Amino acid sequence: MPENPQGTPGTPGPSGAPTRRAVLTGAGATAALALTTSGASAASAGTTSSALSTPASSPAAVPVLGDYDVVVVGCGASGMTAALTAAKRGLRTIVVEKAPTFGGSAARSGAGVWIPNNPVILAAGVPDTPALAAQYLAAVVGPEVPAARQNAFLANGPRMMSFVMANSPLRFRFMAGYSDYYPELPGGMPNGRSVEPDQLDGNILGSELANLNPSYLAVPAGMVVFSADYKWLNIAAVNARGADVAATCLARGTAAALAGQKPLTMGQSLAAGLRAGLQQANVPVLLNTPLTDLYMSGGRAAGVYVTYNGAPALITASRGVIVGSGGFEHNLAMRAQYQQAPIGQWSVGAKENTGDGILAGQRAGAALGLLDDAWWGPAIPIPGTPYFCLAERTLPGGLMVNQAGKRFVDEAAPYSDVVHVMYAKNPSAADIPAWLIVDQNYRNRYLFRDIVPTLPFPDSWYQNGSVYKAWTLSDLAGQIGVPSQALIGTVTRFNEEAWVGKDSDFHRGDSVYDHYYTDPAVVPNSCLGVLWEAPFYALRIVPGDLGTKGGIQTDERARALRPDGSVIPGLYAAGNASVAVMGHSYAGAGSTIGPAMTFGFVAANDIADHP
């Protein structure tokens, strides 16, 4: 192992308005950096003691691996942004990461980034202003999120994006037309505020590219696809613009191949671009190095205990520790303790996210909050990784029913809202699982996940009960265990509403947002279409998520807080290891990653600004 990669000399070291959810419910290095890639080949829960926490290690018994100014826990979007910021502010910084890969859940995602007034959208002509953004965010999240935190996010988000673009190869594209999730609220933007990473050549990472956490859903071979393209690829079989976008994606892929590039987009581009920034700033990253506890000295976070090469070790931090280790979506014991049942293995978040940083913060005295919530979305529990449904429940010719065979929600509403409604209504009208009902006409027209139109669903989906097929609605009802007359009546009623283009029951299509993932050829309402062509299909819908959204309570400076509101010196948190600035809501595409990166940036700057 190399000596002193950026560590202390002589020290051995490593290199207002109601939320739509309420409306819906009511409506029914240097060369030493080589080490960094292989390195280690209940609602607001307060500070309720958890049986899941374990005692801290004794510093006397643990060898010191290195001394730094800042230790960042987690190599996802928040952690890498924090580390890059700290390094560029002149602080000796190291990142420790539990997984054998870097990128976390961000690398797996579509990587939308919601930052109002950012330079990319302003350059694209989006008529955003600080006043409009503040008005909208306050209307979305409500009074439960302190105004100071809202303001810190809005003020620092654009600065963070400019900083990242100036200090890494990352560039961003405006996702034109992807509206804010509640565009009708004061300050909402019908054309959207979200951006996504531009195409990046993975070759810039060299051998480190092999350590990038893979995407949740692979891009089709030979194509270069942006998140914004999927809106059109879904309908490419029946829409001229969709076919043109598909051809463009293929042309991009061909051009990249001819140029010898390894093209990355979406979360792959975001994670790779941030990682390249860390390489350029000589920030060591230790993979396969899980946090075991925080090192507290004199009431201050002064480092981290980790497992390195299978043995306990201590890395000290003279200025501060930033926890960006993600949520606890894959810790079923924590989910059972804090969240509403039923909870299953339905998350698409990084599998290493088991709440390690959150629990370490709790042991250090931090208050916890928002543990009851997650970045929810309807999911189909297919074999392997669950499938997080976006367009499939919004496209015309489909509807969702509960176990009584009745509709219960606007299927095209923001995905987090749909699951909030599922949990709210499940005790009195069981809807977990619910069922997405579609017909053969729907299957002939639209992409479903990565299954092209007309092709059958995989046999494995039928075998594990994720999908059922029948030639009549009555038979389909029998297979999924709902009353046949109720299902027939529901579909009949839905078809009547679709013909006139007005969903008077759940208002599907009333919001601009509802029309993003739809078929513009269907009129008079692009997200309402009749079900008429046999066979019919039912797909099991469960409460999936992109990750949990509760964790360490922080202030507007990203400092960890005790239950009494006092600050724990030296301890910071960002991303899904902290309480989300979005509260129980979701402002727009990228409301996870945008604030995560912003508060990582805020935390590092606060450390630099307060020696």
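Helices here are DSSP runs of H or I with at least four residues, strands are E runs of at least two, and both are numbered from the N terminus. With that in hand, hello everyone, and let's walk through this one together.

What you see is a predicted model, where local features need pLDDT of at least 70 and side-chain atom pairs count only at pLDDT 80 or more, while totals for chains, interfaces and linings use all residues. Residues are numbered from 1 along each chain as its sequence is written, and side-chain values use heavy atoms, leaving out hydrogens and water.

A word on confidence. pLDDT is the predictor's confidence in each residue, from 0 to 100. The protein chain averages 92, and 90% of the residues score at least 70. Please be careful with residues 1-57, though, as pLDDT stays under 50 there.

Next, the annotation. An unreviewed UniProt entry marks residues 69-593 as "domain: FAD-dependent oxidoreductase 2 FAD-binding". UniProt positions are given in the numbering used here, feature names are shortened, and annotations may be inferred rather than shown by experiment. That span is 30% helix and 20% strand, and its end C-alpha atoms lie 25 Å apart.

Now to a pair of helices. The axes of H3 (residues 77-88) and H18 (residues 593-609) come within 7 Å and cross at roughly 30°. Axes are lines fitted to C-alpha atoms, for helices over the stretch in contact, and angles run from 0 to 180 degrees between N-to-C directions. So H3 is roughly parallel to H18; angles under 35 degrees count as roughly parallel, over 145 as roughly antiparallel, 65 to 115 as roughly perpendicular and the rest as oblique. Which residues make the contact, meaning heavy atoms within 4.5 Å? From H3 they include Thr 81 and Thr 85, and from H18 they include Met 597 and Phe 601.

A second pair is H6 (residues 130-141) and H7 (residues 147-167), which pack at about 135° with axes 11 Å apart. That angle makes H6 oblique to H7. Here Ala 133, Ala 134, Leu 137, Ala 138 and Val 141 of H6 meet Gln 150, Phe 153 and Leu 154 of H7.

Finally, some backbone details. Where is Pro 342? Look in the loop between helix H11 (332-338) and helix H12 (356-363); the peptide bond from Ala 341 to Pro 342 is cis, with omega near 0°. The bond from Ala 534 to Pro 535 is cis too, with omega near 0°, and Pro 535 sits in the loop between helix H17 (484-500) and strand S18 (536-548).

Conventions: Contact means heavy atoms within 4.5 Å.
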